[in-house]
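Here's a quick briefing to read alongside the model. Have the sequence and the coordinates open as you go.

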Amino acid sequence: MTTRFILLGGVAAVMALSACTDPATVSADDPNRNAKQGALLGAGVGAVIGAITGDDPTERRQNAVKGAVIGAGGGALIGNRLDRQEADLRRDLGNDNIGIVNTGERLIVTMPQDILFATDSAAVRSDLQRDLNVVAGNLQAYPNSTVQVIGHTDNTGDAGYNQGLSQRRANSVASVLINAGVTPGRIQAFGRGEDQPVASNLTPEGRAQNRRVEIVILPTAAG
């Protein structure tokens, strides 16, 4: 079996489903957009996995189509669940300073450093823990996910120090979530220092955007 066959089998299966789930035809205002995009992504993954199983070319083609159908169903369920979780989180937070991005396969909740920490501090301000408690409640309401807490800094000062500070801040946010009831085994904390800016470090406004903590919610297949 060749790589070319695997790819052709996957592509054929995806094309069979793409008429109703093509991201290009999904409006940004469509409340089911992520369910549809999740279905397409799941179909692609399922098709490729199916295409590498089986004892002969005919069986592998059949498995590619079956894998696409099964994958599409699972991807749609995950996308639909993320849509609901995103809506609940926006409603409960009610904070325009907190960014929420739904990619169809994960939620990325971005909290600027300035609403969590004092300058050069890794301790979450006690008067600003409410938002994290809301996130913790949301994570408990939607338990079928893992969570990555990722700390980021601007490039002011020593890079090594910034790396350590970002890790300590990620650890602090993870601790608040755990203390609020999130299962510790679901959470990982990472520090990225100044390595992943989202804006220019040449302006105060850009540096403020780069100082942030991201909470990345990755759904699992269950649920």
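Is N171 buried, partly exposed or exposed? With a relative accessible area of 35%, N171 is partly exposed, where buried means under 20% relative accessible area, exposed over 50%, and partly exposed in between (1.4 Å probe, protein chains only). Before going further: this is a predicted model, so local features need pLDDT of at least 70 and side-chain atom pairs count only at pLDDT 80 or more, while totals for chains, interfaces and linings use all residues. Residues are numbered from 1 along each chain as its sequence is written, and side-chain values use heavy atoms, with hydrogens and water left out.

**Overall layout**

- The protein has six helices and five strands, taken as DSSP runs numbered from the N terminus (helices: H or I, at least four residues; strands: E, at least two).
- Reading from the N terminus, the elements go α-α-α-β-β-α-β-α-β-α-β.
- Of its 223 residues, 43% count as buried.
- Take the contacts (heavy atoms within 4.5 Å) with a separation of 6 or more: 70% of them come from residues 24 or more positions apart.

**The core**

- The largest nonpolar core has 30 residues; such a core is a set of buried Ala, Val, Leu, Ile, Met, Phe, Trp, Tyr and Cys residues joined through side-chain atoms within 4.5 Å.
- Two or more residues each come from α3 (57–93), β2 (107–112), α4 (130–141), β3 (145–152), α5 (159–179) and β5 (212–219).
- The residues with the most contacts inside this core are L116, L132, V135, V149, V173, L177 and I215.
- Setting aside residues up to four places away in sequence, L132 touches M111, L116, V124, V173, V176, L177 and I215.

**How α4 sits on α5**

- Two packed helices are described by the angle between their axes and the distance between the axes.
- For α4 and α5 that's an angle of about 60°, with the axes 9 Å apart; axes are lines fitted to C-alpha atoms, for helices over the stretch in contact, and angles run from 0 to 180 degrees between N-to-C directions.
- That makes α4 oblique to α5, the label left over once angles under 35 degrees are called roughly parallel, over 145 roughly antiparallel and 65 to 115 roughly perpendicular.
- On the α4 side, L132, N133, V135, A136 and L139 meet V173, V176 and L177 of α5.
- The residues of this contact split into seven nonpolar, one polar and no charged, with Ala, Val, Leu, Ile, Met, Phe, Trp, Tyr, Cys and Pro counted as nonpolar, Asp, Glu, Lys and Arg as charged, and the others, Gly among them, as polar.

**Single residues worth a click**

- N171 lies in helix α5, and its C-alpha is 5.7 Å from that of A189, 18 residues away along the chain.
- G99 is in strand β1 (residues 99–102) and is partly exposed at 30% relative accessibility.
- Beyond its neighbours within four places in sequence, G99 contacts I108, V109 and T110; the C-alpha atoms of G99 and V109 are separated by 5.6 Å.
- S200 is in the loop between β4 (187–191) and α6 (204–210), and at 37% relative accessibility S200 is partly exposed.
- Not counting residues up to four places away, S200 touches G206, R207 and N210, with 8.2 Å between the C-alpha atoms of S200 and N210.
- D120, in the loop between β2 and α4, has a positive phi near 65° despite not being a glycine.
- Most residues other than glycine have a negative phi.
- D120 is partly exposed, with a relative accessible area of 48%.
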